[in-house]
Every structure is written in structure tokens, then in C-alpha cells.
Amino acid sequence: MISQAITTAVDLVNAPLIYKGKVRELYDLGEHYLIVVTDRISAFDYVLDPPVPHKGEVLNRLSAFWFGQTTNLIDNHVVHIDVDQLGDIVRDKDALRNRIMVTRKAERIDMECVVRGYITGGGWRQYQETGQVNGIDLPEGLHKNGVFPNPLFTPAAKNDIGHDEDISFDEMKKRIGAELAEELKAKSIQLYEYARHYCDQHDIILADCKFEFGLIDGKVILIDEIFTPDSSRFWAKNNYALDIEIDSMDKEPVRTYLAGTDWDKNSQPAPLPESVVQATSDRYLAIYQKLTGAKLV
């Protein structure tokens, strides 16, 4: 049987809910925020049923791991991840153990900072249509999944509703200012290079990833999540090849299942089979163990 999964924490937290995303919920603690990472899973802009056990724990603990690993590169928003410090703010501490993060309040910079080390996914689709990725001219004859000589920084403007908007770096500079844009680009590439090297040592390819940044007293800090299966594209080294669809180390079982059904992608899909949910849960737990060397459950 599949273990208990969490779809929401609204009945478990004695604090105002101020934002509910596809996976994360944000509560106001006054001086700080409380982020609860649920087990909800989305695909093609739909939140699916049922939730995936342990997914939220993996995302939260993996982000905490990476935030700890990168503090020498950039400051971040983490205060602590200990549910026991929250006292009566949390009604059932065991239910939310491993899936909370108390954070400093930062002013979010409305840019998603994407770094691509390989040409795949949406970048490959752009290249096929235009020969560019986010306005960057690329040579002819590239192969799908090919590695870039140097990582590409390809930002997107954040939209809380609907898709984020791919923009050029020049457009990013117009929107937030050249100095801040250059800082975010440099930090993003530095973080990617660090994690890429770490992953390589663990037989994993970090194909691409995305970051969010905020400001506290004018200083740029790292916020949200980093280097998780929901914010990064991980490939097992032994699966790597050109000109194929590489099985990513994330919710690929869900995407594969949905692609094999007659779902029209314009309506809420039917609940996922238990076997697909379990396979997805196993995959999240496996990537956590492979990256951290520890078992979550």
C-alpha cells in the first residue's frame, strides 16, 4: 500500500495562508514565512490526483541540502527546517516533519533564472523553430541533448498565473536594470557549475536548472527551491545519448503514463493508477539518496 501523502497543510498550521502554488503553500509567521511542501504533483499545468507520497519531503530536504552546500556562493532565505521549533503553530508535527522550511521574508525578483548546460526540452524546441534560444543565436546542425561549450543563461519573466515568459537577457536588463541582471546571471551560472560538478561525481548529469532570487535590504539572496527534480533536469549518466528523449530522474513515470492515454490535455485528467504513483514516489526517493547519500525513509 502507498503511505499517507499530504495534499494541503491548511488544517495543520495555525497561521494565515498567503499563497498556494501547485506544490508549495506559504504561511505568514510575522517576522518569517513558513513554507510547507505538499505531495501534490502537476503535469501540463494540471494538479493531478492522487498526490505522490514523500515527494514533498524530498523536495524540501533536497533544497535544504543544496542551500547548505551553496552558502559560500550566495546567501539564502533559510532560517531553519525543524518542525519542533514551531510549537503550537503546527497541530500535527509528525505529519509535516521533513516538509517545512522557515524563511526570511525577501522581496521576490520577478525573474526565473534558467541555466542550460545541454540543448533539450524547451530550448531544443526554440532552436528547431528559430535557430535561437531566448534570442541567443546558435550554430546550425546542433543535436538534441548536445552539450553547450558554455552554459546558456536564458531568463523568463515570472507569471503567477499561466506560463512564465521566455525573454532575452537584454529584455531582462530593461525590466530589472542592467546591474541586477548581470549579478543574477553570474550567480546563476556559478551555482549551476557548482552543482553540475557535484552531480558529475555522483554519476548524474545536470542538464538544466532554474533559480529564483529575492532582495533583503538591497542584497540578493537565493529563495524558493534549488536543484530538485521539480526545478532541475537530472539525467543518469548511463542513459545519456544524442537525438533521443532521455528519461529524466523526476516525474517521468507520470508524463509517460499520460502520454499513453487519450487525455486531451484540456481538462482535468482521471486519477493516476497506484502503480504510477508508487513508481514516481520511488524515483523521487532514489534521486534524494543518490545526491545526498542518505535515505529519507
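In helix H6, Glu252, Pro253, Val254 and Tyr257 meet Val276, Ala279, Thr280 and Arg283 of helix H7, where contact means heavy atoms within 4.5 Å. By class, this contact has five nonpolar, one polar and two charged residues; Ala, Val, Leu, Ile, Met, Phe, Trp, Tyr, Cys and Pro count as nonpolar, Asp, Glu, Lys and Arg as charged, and the others, Gly among them, as polar.

Please keep in mind that this is a predicted model, in which local features need pLDDT of at least 70 and side-chain atom pairs count only at pLDDT 80 or more, while totals for chains, interfaces and linings use all residues. Residues are numbered from 1 along each chain as its sequence is written, and side-chain values use heavy atoms, leaving out hydrogens and water.

How do the two helices run? The axes of H6 (residues 252-259) and H7 (residues 274-292) come within 8 Å and cross at roughly 150°; axes are lines fitted to C-alpha atoms, for helices over the stretch in contact, with angles from 0 to 180 degrees between N-to-C directions. H6 and H7 are therefore roughly antiparallel, a term for angles over 145 degrees.

Now for the whole chain. The protein chain has seven helices and 17 strands, taken as DSSP runs (helices H or I, at least four residues; strands E, at least two) and numbered from the N terminus. Along its principal axes, the C-alpha trace spans about 60 × 50 × 40 Å. Of the 297 residues, 49% are buried, meaning under 20% relative accessible area with a 1.4 Å probe, protein chains only.

Notes. Angles under 35 degrees count as roughly parallel, over 145 as roughly antiparallel, 65 to 115 as roughly perpendicular and the rest as oblique. Buried means under 20% relative accessible area, exposed over 50%, partly exposed in between (1.4 Å probe, protein chains only).
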